Amino acid sequence: MSAIRDFTSQLKSKGRRFPDYSARTSFNGRVLCRLDPSGPRPRGPQAQGHADVSAIADFLLSTLRHAPAAFLQPYRTTTNKHFNPKYKKERAAKYLKIDLPKFDEDAGNMSPEKVRQKMKERGMLPPRPWIERPFYISATGGIFEAYIPPEGDGKASIVSTTRAKQTVQLLEKKSKSMMAVRKIKSFEEDFTTNEFCSQAQNIYIKAHESIANHDKESLRLYVTEKAYPEFRHNTWEKTIHWKFLESLEPPRVVHARCTDIVSKENIFGQVTVRFHTRQQLAVYDRFGRLLHGSEILAKDVLEYIVFEKHLANMYGTWRIHAKIIPDWAPPKDPSKLTKIRPEPEPEPTKMLDKPEETPAIADK
Amino acid sequence: MNKILKRLFGVGLTPNHVHGIHTSAPIAAWVQAKTPQSFLKHNRKIFPPQAIGEEPRPAFVCHQKTNFKYSPKKLWYIASFVRGMTVDEAIKQLSFVNKKGAVFVKEAIQEAQELAVKDHNVEYKSNLWVAESFANKGMIIKGIRRHARGRMGEVRYMYSHYFVRLEEGKPPKDYYKRNELTPQEQLDSWLEQMRKRKIINSY
């Protein structure tokens, strides 16, 4: 409070010591604004005291009348300041100096020393380093022993040689899937692959509907924590119209695996289901302009969806975990949204190799 | 005087400006200037999908620059100046306006332009115009000054906000509805006026 007290006491003590220069300022102001020497003269006792100065000014101004307008224009005529700049300091002392906050300074661009200095000024402690790393243990982070879809699935004839080979290979691998299904059955007594398929299709539809409705709460029920960000990716502020039209082939279980994580009893089950369906998709941006797909065009979709369940958890549910995209899958449709390609960064020009010249060293 | 002092030290943010006031520093360490929220909400609005063959809705982006040290009264002139210009024209004009506020406005427009291309599906960054541009009062820091006879006065250190909305497409021909006439039209109207004159005491 001391500074304020100083300032206010200064106020009281210096209040009467101000020079009374109102007369001079008014005189000053009037002369500066007057351009016509034959106009009314200043009246009253104040003006008379400075009559000689006024006459000189009038003379000067009368000569200035013939000067180009550019000289005459740009100065203020009404001013309350004393003409003598020696009082400038006193005028400035009338204001209590305060540090104004700078809201637009960017803390990101400041040097660490500067940040330290600022924090010291404000008496702040540096933030506690965040060492904890969250991890989730009720869903796995990937697919174990992923299913490899046969090439040309949904297209090539069963009679063709490649398909014949693949079916043989599939049969060999089937035994492992059988074991996994048996393992799942030991946790879930009434698990059958046929029944599971219809359940899986239901989950598949519900998950897609909730993403189209932007329903985060219900999406959690149908999608694991690993798949959740993948589902939500690129859906921000978009309008999605999705329709499940029909199933071209009944969904079937093609693959099943079980693994334990951390401890022997902590078992996860993963089941891959093949869907061959007909769907409709249209994605609009924030302004309702079509970005992808079409409202009137239906497409046949062949997908391999991995479902996962935490078997060891009594309350675990089957949820969508991942999608297997075979490497022979046709490329994605290009986006309807066109953009200007950013200019390539200029390559750093190579310096021409110059033989290094050793500077001359004086003999010791 | 008490009233002013209360205003000065009651609402944080005047912490160690004055030495010897220890209590205000920890408060000020966490004080954040309030920034306007409602204008940016327009960026979150989602429009219904358009039918096939309908003219595509022009994209827009709202942007603001807050709490910079400039008078909102002076900023108003600059804000109104760029209204209804294309983005390129506005940036070009602003770089020749010899005022401190022009720098803030120019920066805000450039930031908005980048945002439009990055986040709001605008293809060409030149295909934008300044659809809204206005200034508002920001934070006001109150200082004191001395007057004669032991009195004191209040000094207002003003901060400003600047708001801009860029819209895709071409600007309207005559944004301020000045109905400017072409030289030919001016001549025609003058001629018309001259011919309509009534010369008094003629027949």
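**Notes on the cores of this predicted model**

1. Start with chain B. In this predicted model, the largest nonpolar core has 33 residues, and the members that touch the most others are Val105(B), Ile109(B), Val130(B), Tyr162(B), Val164(B) and Leu166(B). Several elements of chain B supply at least two residues each: strands S1 (60-68), S2 (128-146) and S3 (152-168), along with helices H3 (72-82), H4 (87-94) and H5 (100-119). H5(B) gives the largest share, with 7 residues. As background, nonpolar side chains in soluble globular proteins tend to be buried together.

2. Have a look at Ile109(B). Leaving aside residues up to four places away in sequence, Ile109(B) touches Val87(B), Ala90(B), Ile91(B), Val130(B) and Val164(B). Apart from this core there is another one, made of 26 residues, with Tyr147(A), Ala207(A), Ala256(A) and Ile267(A) among them.

3. Next, H3(B). Which residues of H3(B) are buried? Leu75(B), Ile78(B), Ala79(B) and Val82(B) are. They sit on the same side of H3(B) because they cover an arc of only 100° around the axis. As for partners, the buried residues of H3(B) pack against H4, H5, S2 and S3 of chain B. Just after this helix comes Gly84(B), with a positive phi of about 80°.

4. Finally, over to chain A. An unreviewed UniProt entry annotates residues 177-325 of chain A as "domain: Tim44-like". In the model, that span is 30% helix and 42% strand, and its end C-alpha atoms lie 20 Å apart.

How values were computed
Residues numbered from 1 in each chain as written. Chains lettered and ligands numbered in written order. Predicted model: local features only at pLDDT ≥ 70, side-chain atom pairs only at ≥ 80, totals over all residues. Core = buried A, V, L, I, M, F, W, Y, C linked by C-beta atoms within 7 Å. Buried ≥ 20, exposed ≤ 12 C-beta atoms within 10 Å, placed from the backbone. Helix = DSSP H or I, 4+ residues; strand = E, 2+ residues; numbered from the N terminus. Contact = placed C-beta atoms within 7 Å. UniProt positions renumbered as here; feature names shortened; annotations may be inferred. Arc of directions from axis to C-beta.
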